[in-house]
Amino acid sequence: MKRITTASSLTTRQLALGLLFSTAAAIGVACGSSGGDATSDGGSEGQGAGNSTSSATGDGGAGGFIIDPTSGSGASSGTGFTECATSSDAATLVPLNMIIMFDRSGSMQSNNKWNSSTAALRAFIQSPEASGLRVALRFFPGTGCTGSSCNVNVCAQPAVDAAPLTSESAPTDAQEQLLISAITSETPNGGDTPIFAALSGATLWAKNYVAANPTEKAVVILVTDGEPNGCNQNSNAIAGIAEEAFTSAGIYTYAVGLQGSAPNLMNLIADRGGTGQGIFIGAGANAEQELLLALQAIQGSQLACDFQMPQSNDGQMINPNQINVVYTSEGGNEQIIGQVSSESACGANGGWYYDNPQNPATITLCPTTCQTAQGDNSGGIRIIVGCDTTPA
């Protein structure tokens, strides 16, 4: 049963969970490479512990930085922004949408893979940490998304479309109820594994969603136990789907391979999709727990370092040249994170950047800065408005 939380605590409940198994390093690639400092001059005291993070909530947690729950005008004297700042507010996480494309081919019946993987999926959806997450779900092959039809538009139609999960349990949480019902109504069936069509459909859904909701983000999670069987079976063509989605729309694709999957293909999909390498789950008693942790870690790595651009009370656009990001380390030291021009300008010293410098909607921490902040047990991120932006 989900715990009851207040609305003000939901964003902090969504922070990264620990990467507690051997494939953890692969999951953290979306946030960045290991090591690095939280500020442009490398002066952070909150040294990151790799990708080891945890939910940072008011009711307990074993790590992970906190989105500062306080707000108000001005800024503390530690940043030097006291005179010029017009507001100093808690950073607000960008809403995350996740489409899970889940294999239901006949081979999922072997070695208890179907039971353990769907149990992990149900546990993920029902977990307290999923509150606020928006999940869409599609199974393949089935309902026109098959190796004979290869209909991408059909594959892009989820069995359950995205909507936010809440802190309540089903049936009060209507989205949880829809997702659980969809999972329990499926059984493994079918001799083909149309990965090309399935991945094409999932990325199409994600691209369309982000185009319609530009202040949100979407990621694709492909879960399969097989090699391509049906539609285009060329590995480069399949991985090219993830690459196009990543380069054109910033859609990250995670490739989760169950026993029987093709490691080279899964790694290639993940690499082209911006997430480094595939995540592999073995068969046996630990499979359910490993998949659950993988899904939770994906959620955490995607949530923790993307923040919404502040909005003024009167609806006027805030000057993007008067935004500063301040990191408060576990020891209480406030440090200014310098701005870099783009993601490609992120270096070992870190920083932050806009998704679109001319019309920004999102503030993103550079990989090394994200890494350090995630490893801080009680650090915080704050957005300062009104002072000239400090460059990295």
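How many nonpolar, polar and charged residues does the lining of the largest pocket have? In this predicted model, the lining of that pocket has 19 nonpolar, 15 polar and six charged residues. The space within the largest pocket comes to about 940 Å³, and of the 40 residues that line it, Gly250, Tyr252, Glu343, Tyr353 and Thr364 are the closest to its centre. Two or more lining residues are given by each of the elements β5 (217-224), α7 (235-249), α9 (287-303), β11 (352-354), β12 (362-365) and α10 (367-374), and the largest share, four residues, comes from α7.

The second largest pocket holds about 200 Å³ of space, and its lining is made up of Thr215, Gln308, Met309, Pro310, Gln311, Ser312, Gln316, Met317, Ile318, Asn359, Pro360 and Ala361.

As regards the fold, the secondary structure of the protein consists of ten helices and 13 strands. Of the 392 residues, 55% are buried, and among contacts between residues at least 6 apart in sequence, 75% join residues at least 24 apart. The protein exposes about 15,000 Å², of which carbon and sulfur atoms supply 47%.

The count of disulfides comes to five. One of them is formed by Cys84 and Cys387, whose sulfur atoms lie 1.8 Å apart; with 105° about the S-S bond, this link is right-handed. The pair connects distant parts of the chain, 303 residues apart, with Cys84 in the loop between β1 (66-67) and β2 (87-90) and Cys387 in the segment after β13 (380-385). Cys84 is partly exposed, at a relative accessible area of 33%, whereas Cys387 counts as buried at 2% relative accessibility.

A further disulfide joins Cys150 and Cys231, with sulfur atoms 2.1 Å apart, and is left-handed, with -110° about the S-S bond. Because Cys150 lies in the loop between β4 (134-140) and α4 (152-155) and Cys231 in the loop between β5 and α7, the pair ties together parts that are 81 residues apart in sequence. Cys150 is partly exposed, with a relative accessible area of 27%.

In the disulfide of Cys305 and Cys370, the sulfur atoms are 2.2 Å apart, and the torsion about the S-S bond is about 85°, so the link is right-handed. This pair also links distant parts of the chain, 65 residues apart, with Cys305 in the loop between α9 and β8 (306-308) and Cys370 in helix α10. Both Cys305 and Cys370 are buried.

Note on methods. Residues numbered from 1 in each chain as written. Predicted model: local features only at pLDDT ≥ 70, side-chain atom pairs only at ≥ 80, totals over all residues. Heavy atoms only, no water. Buried < 20%, exposed > 50% of the residue type's maximum accessible area, 1.4 Å probe, protein only. Contact = heavy atoms within 4.5 Å. Areas by Shrake-Rupley, 256 points an atom, 1.4 Å probe, with all protein chains shown as cover. 1 Å grid on protein atoms, 1.4 Å probe; cavity = no way out; pocket = protein on both sides within 12 Å on 5 of 7 lines; lining within 4 Å. Points joined across faces, edges and corners; volume = space filled by probe spheres on them. Nonpolar A, V, L, I, M, F, W, Y, C, P; charged D, E, K, R; others polar. Disulfide = S-S within 2.5 Å.
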